[in-house]
Amino acid sequence: HYYNANGKFTAEISSGPIHYKDDKGQWQDIDNRLVASEVAGFRFRNAANEFRTHFAAGSSGAPVVKVQSSQWSIGLSPIDAAPVAGASTGPVMLYKGALAGGTADLRYTVKNEGLKQDIILNSYKTNVFRFRLDTGGLRPDLAQNGSLVLYNSSNVEVARAQRPYAMDASNKFTHEAAFSL
């Protein structure tokens, strides 16, 4: 809420978080732009949020992307990726031609509440994409709805990847994609 000069209040409403509490308990603006990472093995990270998302300079690093909070860390690496350089724009990291023998792009977008992964097929063929998931000691499980859930040692859910789906160039949507462990 803001107190206006005329004595009235103004409320700013959002459907999701736009601020986070820093390690000193102060509210800060979320900033998903990618900036230089200070962590060895990574080139970029998101600027400001309660979690950090780090990206490798290329698609063949291990891990290519790492999401971490003060209490957990998750790494993800494509298996058999072509060694291509990543390019960042705003909150997006793109590894063009990294998958399926160079015919698919791997794109990550940092969101206020997490990370979105897109695999963009540049030509149609049946594909299986495999990734190494470094859970940092978290326990992975597949939920009944098809999402991937990660639990800490107290069996508390700390992260979730929604059920995968596919959409073609004409926006036809299907859930004929799945996680497997």
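These are my notebook entries on what I looked up in this predicted model.

**Ground rules.** Residues count from 1 along each chain as its sequence is written, and side-chain values use heavy atoms, with hydrogens and water left out. As the model is predicted, local features need pLDDT of at least 70 and side-chain atom pairs count only at pLDDT 80 or more, while totals for chains, interfaces and linings use all residues.

**Entry: the core.** I started with the largest nonpolar core, which has 22 residues. The term covers buried Ala, Val, Leu, Ile, Met, Phe, Trp, Tyr and Cys residues joined through side-chain atoms within 4.5 Å. Buried is under 20% relative accessible area, exposed is over 50%, and partly exposed is in between (1.4 Å probe, protein chains only). Phe55 and Tyr95 have the most contacts inside this core. At least two core residues each come from strand 8 (65–68), strand 11 (92–99) and strand 12 (104–111). Strands are DSSP runs of E, at least two residues, numbered from the N terminus.

**Entry: Phe55.** What does Phe55 contact, leaving aside neighbours within four places in sequence? I found a list that includes Leu34, Phe42, Val64, Met93, Tyr95, Tyr108 and Leu115. Arg43 is also in contact with Phe55. Contact here is heavy atoms within 4.5 Å.

**Entry: rings.** How many aromatic pairs are there in the whole structure? The search finds four. Rings of Phe, Tyr and Trp (its six-membered ring) pair if their centres lie within 6.5 Å; planes under 30 degrees apart are stacked, over 60 edge-to-face, and the rest tilted. I looked at Phe55 with Tyr108: this pair is tilted, at 5.9 Å centre to centre and 45 degrees between the planes. Phe55 sits in strand 7 (residues 52–55) and Tyr108 in strand 12, so the pair links distant parts of the chain, 53 residues apart. Both residues are buried. Ring pairs also bring Tyr95 into a cluster with Phe55 and Tyr108.

**Entry: salt bridges.** I count six in the structure, each a side-chain nitrogen of Lys or Arg within 4 Å of a carboxyl oxygen of Asp or Glu. Arg33 bridges to Asp31, with the closest N and O atoms 2.6 Å apart. Arg33 is partly exposed at 47% relative accessibility, and Asp31 is partly exposed at 21%. Buried or exposed: what are the partners Arg45 and Glu38? Their side chains meet at 2.8 Å, N to O; Arg45 is buried at 14%, whereas Glu38 is exposed at 56%. Asp118 and Lys116 form another bridge at 2.7 Å, N to O. Asp118 is buried at 16%, and Lys116 is partly exposed at 26%. Arg107 is linked with Lys116 and Asp118 in a network of salt bridges.

**Entry: a surface patch.** Leu142, Phe179 and Leu181 make a nonpolar surface patch of about 270 Å². Patch residues have over 30% relative accessible area and no salt bridge; like charges are joined within 9 Å, and nonpolar side chains (Val, Leu, Ile, Met, Phe, Trp, Tyr) within 5 Å. Areas come from the Shrake-Rupley method with a 1.4 Å probe, and for residues only the protein chains shown count as cover. Phe179 lies in the segment after strand 19 (173–174). I noted Phe179 as partly exposed because its relative accessible area is 31%.

**Entry: Lys125.** Lys125 is in the loop between strand 13 (114–121) and strand 14 (131–134). Lys125 touches Ala100 and Thr103, not counting residues up to four places away in sequence.

Note on methods: Helices (H or I, at least four residues) and strands (E, at least two) are DSSP runs, numbered from the N terminus.
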